[in-house]
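Here's a quick briefing to read alongside the model. Take a look at the picture, then work through the points below.

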Amino acid sequence: MIGKAQNAVNPDGFTSILTKPQQKILVPKSDSSLNALAKETLMSSPYPCIIFSHASFETDSDGCSLEAKKVRDIFREVNEKYPKRVFLCINGHYHADSVHVVENIVYFNLNCVYQGAWTLKKHNFFPKEFIEKHKGASNMDQCAFFKDALNAIVTVDSDGIVDIEGMETTYLYDVTPEKMGLPIEFGVGKLVPYISNAHIEV
């Protein structure tokens, strides 16, 4: 086990572990090492693999998975032996939008459904009736929310083509990241009320 488990579920023979600070990894029940995951899953898969994670493996910047470099090394080793075996990684965590290609792998930072941005500093930009209606909800006065729930349709094919059909909304009550004193662009994406469209061939 890598890190202390805060939450664990067991889908299809794997344990999904949520570790501090919110770094999610998948490890086989029988062996918690990432190398075992590579050999037992990625190397042996007869199909191209799509990786879902809470935090990103794209870089080693703050907020990315604590095991990001090790995971990318595994992806590289797998793809050198089996080209395009790992070709798409989808993550959340940052409440931001971005799509990048690194070493022929698409890293799709999927924006949040509803909570667009948050900060440690409290604000009073929401109307009183909104606060009263949602009284008891945590961190209401530290967030910006989307007016509509965001979603995306991701289509892939065996040739390594990735199509992302996103959507756009606005901020609820015009409470924006800028108004909260947050930068729009940071290490892994943009704090924006949309999910970008993309067509990528890897």
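Glutamate 103 is partly exposed, at 47% relative accessibility; partly exposed sits between buried (under 20% relative accessible area) and exposed (over 50%), using a 1.4 Å probe and protein chains only. Its side chain meets that of arginine 76 in a salt bridge, 3.1 Å from N to O. A salt bridge here is a side-chain nitrogen of Lys or Arg within 4 Å of a carboxyl oxygen of Asp or Glu. Bear in mind that this is a predicted model, where local features need pLDDT of at least 70, side-chain atom pairs count only at pLDDT 80 or more, and totals for chains, interfaces and linings use all residues. Residues are numbered from 1 along each chain as its sequence is written, and side-chain values use heavy atoms, with hydrogens and water left out.

- Glutamate 103 sits in the loop between strand 6 (98-102) and strand 7, while arginine 76 is in helix 2, so their pairing ties together parts that are 27 residues apart in sequence. Helices (H or I, at least four residues) and strands (E, at least two) are DSSP runs, numbered from the N terminus.
- Arginine 76 also pairs with aspartate 73, and the closest N and O atoms of that salt bridge are 2.8 Å apart.
- Both aspartate 73 and arginine 76 belong to helix 2 (residues 68-81), where they are 3 residues apart, or about one turn of the helix.
- Aspartate 73 is partly exposed at 28% relative accessible area, and arginine 76 is partly exposed too, at 31%.
- Elsewhere, the side chains of aspartate 174 and lysine 179 meet in a salt bridge at 4.0 Å, N to O. Aspartate 174 is partly exposed with a relative accessible area of 49%, and lysine 179 is partly exposed at 40%.
- Shared partners link Lys69, Asp73, Arg76 and Glu103 into one salt-bridge network.
- A search of the whole structure turns up 4 salt bridges.

**The chain overall**

- The protein chain has 3 helices and 14 strands.
- Of its 202 residues, 43% are buried.
- Take the contacts (heavy atoms within 4.5 Å) between residues at least 6 apart in sequence: 57% of them join residues at least 24 apart.
- The chain exposes about 11,400 Å², with carbon and sulfur atoms supplying 53% of that. Accessible areas come from the Shrake-Rupley method with a 1.4 Å probe, and for residues only the protein chains shown count as cover.

**Nonpolar cores**

- The largest nonpolar core has 32 residues, and those with the most contacts inside it are Leu88, Tyr94, Val106, Phe108, Ala144, Phe145 and Val162. Such a core is a set of buried Ala, Val, Leu, Ile, Met, Phe, Trp, Tyr and Cys residues joined through side-chain atoms within 4.5 Å.
- At least two residues of this core come from each of strand 5 (86-91), strand 7 (105-109), strand 9 (143-145), strand 11 (161-165) and strand 14 (198-201).
- Another core lies apart from it, with 13 residues, including Cys49, Phe57, Val78 and Tyr107.
- Which residues does phenylalanine 108 touch, leaving aside its neighbours within four places in sequence? They are Leu88, Cys89, Ile90, Asn91, Ser98, Val99, Ala152, Val154, Ile164 and Ile195.

**A nonpolar surface patch**

- Ile50, Phe52, Val154 and Val156 make up a nonpolar patch on the surface, with about 310 Å² of accessible area together. Patches are built from residues with over 30% relative accessible area and no salt bridge, joining like charges within 9 Å and nonpolar side chains (Val, Leu, Ile, Met, Phe, Trp, Tyr) within 5 Å.
- Strand 4 (49-53) and strand 10 (153-156) each supply at least two of the patch residues.
- Isoleucine 50 lies in strand 4 and is partly exposed, at 32% relative accessibility.

**Cysteines**

- There are 0 disulfides in the structure, a disulfide being a pair of cysteine sulfur atoms within 2.5 Å.
- Cysteine 112 is in no disulfide, as the nearest cysteine sulfur, in cysteine 143, is 9.2 Å away, too far for a bond.
- Cysteine 112 is buried at 18% relative accessible area, and cysteine 143 is buried at 1%.

**Glutamate 168**

- Glutamate 168 lies in the loop between strand 11 and strand 12 (185-186) and is exposed, with a relative accessible area of 60%.
- Glutamate 168 and aspartate 148 are 20 residues apart in sequence and 8.5 Å apart in space, C-alpha to C-alpha.
- Beyond its neighbours within four places in sequence, glutamate 168 is in contact with Leu150, Pro193 and Tyr194.
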